[in-house]
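Student: Could we go through this model together, one question at a time? I would like to see how each answer is reached.

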Amino acid sequence: MISDEMMTNDTLKPYFMKNKKWYYFDEENFCYKLDEENFCYKLTDRAPRKAIESYRKFYDDELIKINGEWHIIQK
């Protein structure tokens, strides 16, 4: 997944990650395999519509592992 430590350019972050008040990392349910009920990032009630749409698109993309590293493949 994308973390702040991996970010070198803000344009790589999905829109919902532009404001830390809109999302949080769910440490209790940290996941390697994504499913509908176990997303690693969760939105707060402060997320605007555009952030919600970005979040849905982010989790609609396919996550694959190549040479031990996770990559997001956009659909």
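Tutor: Gladly! Let us begin with a definition: buried means under 20% relative accessible area, exposed over 50%, and partly exposed in between, using a 1.4 Å probe and protein chains only. This is a predicted model, in which local features need pLDDT of at least 70 and side-chain atom pairs count only at pLDDT 80 or more, while totals for chains, interfaces and linings use all residues. Residues are numbered from 1 along each chain as its sequence is written, and side-chain values use heavy atoms, with hydrogens and water left out.

Student: Which pattern does the protein follow along the sequence?

Tutor: Helices (H or I, at least four residues) and strands (E, at least two) are DSSP runs, numbered from the N terminus. By that rule the protein has one helix and four strands. Read along the sequence, they give the pattern β-β-α-β-β.

Student: Are phenylalanine 16 and tyrosine 41 buried or exposed?

Tutor: Phenylalanine 16 has a relative accessible area of 0%, so it falls under the limit for buried. Tyrosine 41 belongs to that class too, and the answer for both is buried.

Student: How do the rings of phenylalanine 16 and tyrosine 41 pair, and what is the angle of their planes?

Tutor: A search of the whole structure finds eight aromatic pairs. Rings of Phe, Tyr and Trp (its six-membered ring) pair if their centres lie within 6.5 Å; planes under 30 degrees apart count as stacked, over 60 as edge-to-face and the rest as tilted. Here the centres are 6.4 Å apart, and the pair is edge-to-face because the planes stand at 65 degrees.

Student: Where does phenylalanine 58 lie, and how many residues separate it from phenylalanine 16?

Tutor: The rings of phenylalanine 16 and phenylalanine 58 have centres 5.4 Å apart and planes at 70 degrees, so this pair is edge-to-face. Phenylalanine 58 lies in helix H1 (residues 49-60), and phenylalanine 16 in the segment before S1. The pair therefore links distant parts of the chain, and with phenylalanine 58 in H1 the separation is 42 residues.

Student: Which residue forms a salt bridge with lysine 42, and how far apart are the closest N and O atoms?

Tutor: A salt bridge is a side-chain nitrogen of Lys or Arg within 4 Å of a carboxyl oxygen of Asp or Glu, and the structure holds one. Lysine 42, partly exposed at 22% relative accessibility, meets a residue in the loop between S1 and S2, so the pair ties together parts that are 16 residues apart in sequence. That partner is aspartate 26, and the closest N and O atoms are 2.9 Å apart.

Student: What is the distance between the C-alpha atoms of arginine 49 and phenylalanine 16?

Tutor: Arginine 49 has its place in helix H1 and is exposed, with a relative accessible area of 66%. Along the chain, arginine 49 and phenylalanine 16 are 33 residues apart. Their C-alpha atoms are separated by 9.6 Å.
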